[in-house]
Amino acid sequence: MARIVELKEKGFADAKEYDYAPVDLGDAIENYKQILDITGDVAANIIEPNSEAVDLEGPHLENGRMIYASKTYENLDATRKAGLWGVSMPRRYGGLNLPNAVFSMLSEMISAADAGFQNIWSLQSCIDTLYEFGSEEQRQKYIPRVCAGEGMSMDLTEPDAGSDLQRVMLKATFDEKENCWRLNGVKRFITNGDSDIHLVLARSEEGTKDGRGLSMFIYDKRQGGVNVRHIEHKLGIHGSPTCELTYKNAKAELCGSTRLGLIKYVMALMNGARLGIAAQSVGVEQEAYNEGLAYAKERQQFGDKIINFPAVYDMLSRMKAKLDAGRSLLYETAAYVDIYKCLEDIERDRKLTPEEKQELKKYQRLADAFTPLAKGMNSEYANQNAYDAISIHGGSGFIMEYKSQRLFRDARIFSIYEGTTQLQVVAAIRYITNGTMLNNIKEMYEALEVSESLKGLKDRIGLLIPSYEEALANVKALDNQDAQDFLARRLYDMTAELVMSLLILRDATKAPELFEKSANVYVRMTEEDVMGKILYIKLFKVEDLEQFKAAQPEA
């Protein structure tokens with residue numbers, strides 16, 4: 001955090017102009033704690049008590065406009081009054097200049113209160129993309145509005161372009177007479193789709209059919225031209241409206257340069273969104289664990305509290321271990337993002353030193369490698385914890401009056417939107433197969449100093465690393481792309497589990513009262529899972545693929 005604050009505050013120059021800006025590291029940390037306290041208060045006393053009503057009512061459609069559930073408006077009002085909008089933006093635009101690590105903490109707390117509302121609130125991070133790639137005129141025009149509490153959306157997906165965004169066909173044409181762009185077409189599955197300010201991916205280059213013909217545009221709802229045609233009726237996150245939009249000659253502004261919409265701007269947008277889903281997932285992991293633990297402490301069967309049954313405390317200990325390890329991975333990733341993003345921001349004002357350039361490259365690579373791990377693993381852990389919370393509740397978990405069923409419904413989308421877990425594997429696998437992550441794991445292991453009580457656990461991870469390296473070599477030796485793709489998820493899981501084992505050991509050394517139990521459980525879980533996958537890969541042959549293909553029913 002010391003390095004992040006140093007870069008983010010740029011020598012604490014804002015303190016001369018803004019009385020709420022920190023004057024040193026201690027002051028900055030104290031500010032962050034105060035903001036976290038405020039957010040916790042709003043989440044616990046307003047958002048969480050409203051969550052059940054929001055889930056039951058949900059948003060609805062009136063004359064082409066989306067209307068939030070009534071309690072959602074209370075949540076919006078409370079977060080605006082608390083100053084929790086535009087929090088990552090510089091103070092000169094009305095923001096709080098918070099780093100990603102702190103923003104992730106806020107996201108986690110709001111998600112624990114209501115994951116659906118966290119979607120609406122956290123989409124304010126779209127403004128980071130506009131800040132990075134928009135003009136100063138656009139920054140002055142739009143960022144203060146988001147800091148004041150206006151909502152955002154990213155309009156990417158279309159009926160015929162889900163994960164394959166190269167197929168986006170919403171048309172953008174330049175209006176010479178009005179000196180603006182016009183958007184025409186349909187967008188589908190747009191979260192918070194009737195927002196105030198939209199970032200829109202559209203095809204600006206006539207005759208193109210791939211990503212090189214796509215550009216990013218800013219649409220302002222005040223200009224008109226976009227209507228909500230349909231609001232999806234979803235399994236979970238009911239408070240978060242998912243809209244189908246029709247663009248009819250809608251006036252828009254180009255963000256950045258043409259042709260870079262997908263290959264540069266959406267990649268930046270998606271990485272931010274994936275970190276947001278990781279934080280959202282950790283919030284639900286925490287709440288699912290809380291619900292399961294509270295019920296297990298109260299519920300009696302066969303003359304004893306069920307928390308005393310091995311099958312139940314095994315489940316709870318695994319839930320807690322996944323939560324603590326997943327949170328460690330989230331904040332580690334957020335810290336990597338902070339350092340390189342801060343250096344990029346500094347580079348807008350001055351040339352970086354050679355050392356700073358190297359630091360930027362290092363942390364950008366780390367952020368790119370770790371983000372798909374943080375999103376994929378935490379979204380899966382949220383699903384697993386929510387599932388286990390229902391299991392602990394038994395039949396009561398299947399009853400709608402209990403909160404665990406809503407957490408289960410809400411969590412299911414986390415491993416789907418902003419890139420499925422399978423796509424997170426695709427994003428991460430090159431860093432795994434080219435040895436980048438293996439080197440990271442070895443460096444983390446060598447640098448890790450643990451307390452005496454944890455040395456045995458560190459040694460056990462040390463024994464896994466050579467076997468993991470051998471499995472990696474075995475996959476590459478197959479020299480078959482289909483086989484490598486087939487085994488990629490196993491490599492991904494092992495990589496993430498080794499990383500999280502090292503992170504939770506670090507945390508347990510710093511705060512054993514909080515994390516030593518989770519470290520013991522998580523390292524054993526990692527051994528169990530990694531050794532099984534290593535054996536699977538060791539025995540795998542390319543011809544085995546035919547057996548899996550043969551198992552599929554005929555088309």
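Start by selecting helix H2 (25–57), helix H4 (100–113), helix H9 (310–347), helix H10 (354–393), helix H13 (436–447), helix H15 (481–510) and helix H16 (512–539): each of them supplies at least two residues of the lining of the second largest pocket. Helices here are DSSP runs of H or I with at least four residues, strands are E runs of at least two, and both are numbered from the N terminus. Before going on, keep in mind that you're looking at a predicted model, where local features need pLDDT of at least 70, side-chain atom pairs count only at pLDDT 80 or more, and totals for chains, interfaces and linings use all residues. Residue numbers run from 1 along each chain as its sequence is written, and side-chain values use heavy atoms, with hydrogens and water left out.

**Stop one: the pocket**

The second largest pocket has a volume of about 1,000 Å³. Now pick out Glu 332, Ala 335, Tyr 336, Leu 503 and Arg 506, the closest to its centre of the 38 residues that line the pocket. A pocket is an open set of points on a 1 Å grid over the protein atoms alone, with protein on both sides within 12 Å along at least five of seven lines; a cavity is a set where a 1.4 Å probe fits but cannot get out, and lining residues have an atom within 4 Å of a point. Points are joined across faces, edges and corners, and volume is the space filled by probe spheres set on them.

(Nonpolar covers Ala, Val, Leu, Ile, Met, Phe, Trp, Tyr, Cys and Pro; charged covers Asp, Glu, Lys and Arg; the others, Gly among them, are polar.)

**Stop two: the cavities**

Searching the whole structure turns up two cavities of 30 Å³ or more. For the largest cavity, select Ser 51, Val 54, Asp 55, Asp 114, Gly 116, Ile 237, His 238, Gly 239, Arg 406 and Asp 410. These residues line about 40 Å³ of space. H2 gives the most to this lining, three residues, and both H2 and helix H11 (403–411) supply at least two. The lining has two nonpolar, four polar and four charged residues.

Next, the second largest cavity, also about 40 Å³. Its lining is Ser 111, Ala 112, Ala 113, Asp 114, Ala 115, Val 284, Lys 403, Arg 406, Leu 407 and Asp 410. H4 and H11 are the elements giving two or more residues to it, and H11 has the largest share, with four.

**Stop three: Glu 158**

Jump to the loop between strand E3 (152–155) and strand E4 (171–175), where you'll find Glu 158. Buried or exposed? Glu 158 counts as buried because its relative accessibility is 8% (buried is under 20% relative accessible area, exposed over 50%, partly exposed in between; 1.4 Å probe, protein chains only). Show the backbone nitrogen of Met 169: a polar atom of the Glu 158 side chain lies 2.8 Å from it. Beyond four places in sequence, the contacts of Glu 158 (heavy atoms within 4.5 Å) include Arg 167, Val 186, Arg 188 and Leu 201.

**Zoom out**

The whole chain holds 17 helices and eleven strands. Its C-alpha trace spans about 70 × 60 × 55 Å along the principal axes. Buried residues make up 56% of the 555.

Terms used:
Polar contact = N/O pair within 3.5 Å; in protein donor to acceptor, adjacent residues only side chain to side chain.
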